[in-house]
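Good morning, colleagues. I would like to take a few minutes on charged pairs and nonpolar packing in one structure. Please look at the sequence and the model first.

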Amino acid sequence: MKTVRVIDSHTAGEPTRVVVEGGPDLGHDDLATRRERFRRDFDRFRSGIINEPRGSDVIVGALLCEPVDRACAAGVIFFNNVGVIGMCGHGTIGVAVTLAHLRRIAPGVHRFETPVGVVTVELHDRHRVTVANVPSYRHAANVTVEVPGHGVVTGDVAWGGNWFFLVESPGIAIVPRNVERLTSFSRAVRARLDAQAIRGDDGAEIDHVEVYEPLAGTAKGTRNFVLCPGDAYDRSPCGTGTSAKLACLSARGELEPGATWRQESVIGTVFEASYAPAERGRVLPRITGSAYVTAESTLIFDDDDPLRDGIVSTNAPHPNPRPACGERERS
Ligand code: PYC
């Protein structure tokens, strides 16, 4: 019987489950190498933490690791119902608030190592956090795909710590009652991107789709629906998606450095964002939001439990690798 201590929180409605004790030993390499080791050797652990019956498709996991750079408060690897992800904006806010809850960090500025670079957080109080994300950029503008049932769809490909395709809504209002239609549109777009081999500049799949519409009021911003890999939609405005948006706005000359951008989620929660210019046309995004701790739990992994490793997500694009029960996975 193995136990794992986790702390759950939500950031603007999107849950984060931070593994604070009982996670696998991934060694001391850089975070990208450790993420690859986690992906390759500990997929059952990932699934057991996130998937039913202990979790749900919506949860994003955050595995705390020793940072390589001791000036960082922590290293963190993010994962979800179907695999690992690069960065996670709402998750970083959740990690900061969780570490504050544990009294491991105090209000002020802290750095976290992630597999895609170091991010800085400013913890304003118990809940409110500003994340200075990794440099973000638009990779390709006005990319068109022919989407069955929707015709020609045009959008931008951008990096915000994950890869995004950003597309204006084809007339589907971004409201909770349209989640199924938005999901099906976004899945169809993502499938066409894949079929047409439209990828990020590192050859990676564009696995997040961000559908937006202008805000009704006078504030500069958009309301967004973000479909994540694994097909859960982000209840928060999506930190990496907001970063990708800022990169596109900057590239189009539609938002000045330092100006405030309001990114709303499909459920109406908000991140405030701005950017500073960086070299090679990149932007340095700053995203502010709030998180709340919802549970402190000890998860039990009983060897007699036939569903010990979770129910493979019905949204898994490929069958999850299920290595034979090895020492690594049991450790
Ligand atoms: O906030 O960056 C984010 C995020 C990515 C996936 C879910 N949330």
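I begin with E66, which is partly exposed, its relative accessible area being 44%. This is a predicted model. E66 forms a salt bridge with R70, and the closest N and O atoms lie 3.2 Å apart. R70 counts as exposed, because its relative accessibility of 63% is over the 50% cut-off.

A second pair joins R199 and D194, whose side chains meet in a salt bridge at 3.0 Å, N to O. R199 is partly exposed, with a relative accessible area of 29%. D194 also counts as partly exposed, at 37%.

Are R17 and D8 buried or exposed? Both are buried. These two residues form a salt bridge, with 2.8 Å between the closest N and O atoms.

Over the whole structure, the search finds 19 salt bridges.

I turn now to the nonpolar packing. The largest nonpolar core holds 63 residues, and those touching the most other members are F78, V95, F112, F165, F225 and L246. Helix α3, residues 89–101, gives the most to this core, with six residues. Leaving aside residues up to four places away in sequence, V95 touches V18, A62, L64, V76, F78 and F112. There is also a second, separate core of 17 residues, among them L26, F38, C65 and F301.

Thank you; I welcome your comments.

Terms used
Residues are numbered from 1 along each chain as its sequence is written. This is a predicted model: local features need pLDDT of at least 70, side-chain atom pairs count only at pLDDT 80 or more; totals for chains, interfaces and linings use all residues. Side-chain values use heavy atoms; hydrogens and water are left out. A nonpolar core is a set of buried Ala, Val, Leu, Ile, Met, Phe, Trp, Tyr and Cys residues joined through side-chain atoms within 4.5 Å. Buried means under 20% relative accessible area, exposed over 50%, partly exposed in between (1.4 Å probe, protein chains only). Helices (H or I, at least four residues) and strands (E, at least two) are DSSP runs, numbered from the N terminus. Contact means heavy atoms within 4.5 Å. A salt bridge is a side-chain nitrogen of Lys or Arg within 4 Å of a carboxyl oxygen of Asp or Glu.
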